[in-house]
Amino acid sequence: MPTWWCSRIRRCAASAEAGKITHALSPENGDHIRVEVEGAMVHAEAAAASPLALLHTLDDALACLGAAQRSASLGQKKE
């Protein structure tokens, strides 16, 4: 049973941005991170049995978000 947890709520500019964040976290969603979207609000909650396990879960989630951000910036036209 997890004893360590972290919760984060993010208000996005639009529901489309919230959907992109949720999609980026989908590899981690389930046992480790639970992500819910309501309109433009994203609520992410992570739980783990130890502080180190929670750190690894959050690190993986940030890696997913970073990869999505880099991918999106590569697809943008440069002016």
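In what order do the three strands of the open sheet lie? I began with this question and found the order S1-S3-S2, with antiparallel pairing.

**Basis.** I noted that this is a predicted model, in which local features need pLDDT of at least 70 and side-chain atom pairs count only at pLDDT 80 or more, while totals for chains, interfaces and linings use all residues. Residues are numbered from 1 along each chain as its sequence is written, and side-chain values use heavy atoms, with hydrogens and water left out.

**Sheet.** I took helices (H or I, at least four residues) and strands (E, at least two) as DSSP runs, numbered from the N terminus. I counted two strands as paired if DSSP finds at least two bridges between them. The edge strands are S1 (4–11) and S2 (33–38), each of which pairs on one side only.

**Pairings.** I looked up S1 and S3 (residues 41–48), which are joined in the antiparallel sense by eight bridges. Here Cys-6 stands opposite Ala-46 in S3. S2 and S3 also pair in the antiparallel sense, over six bridges, and Glu-36 has His-43 in S3 as its bridge partner. S2 and S3 form a hairpin with two residues between them, and Gly-39 in the turn has a positive phi of about 65°.

Buried means under 20% relative accessible area with a 1.4 Å probe, protein chains only. This core has twelve residues, among them Cys-12, Ile-21, Val-35 and Leu-54. Helix H1 (15–24), S2, S3 and helix H2 (51–74) each supply at least two of its residues. S3 gives the most, with four residues.

Note on methods. A nonpolar core is a set of buried Ala, Val, Leu, Ile, Met, Phe, Trp, Tyr and Cys residues joined through side-chain atoms within 4.5 Å. Buried means under 20% relative accessible area, exposed over 50%, partly exposed in between (1.4 Å probe, protein chains only).
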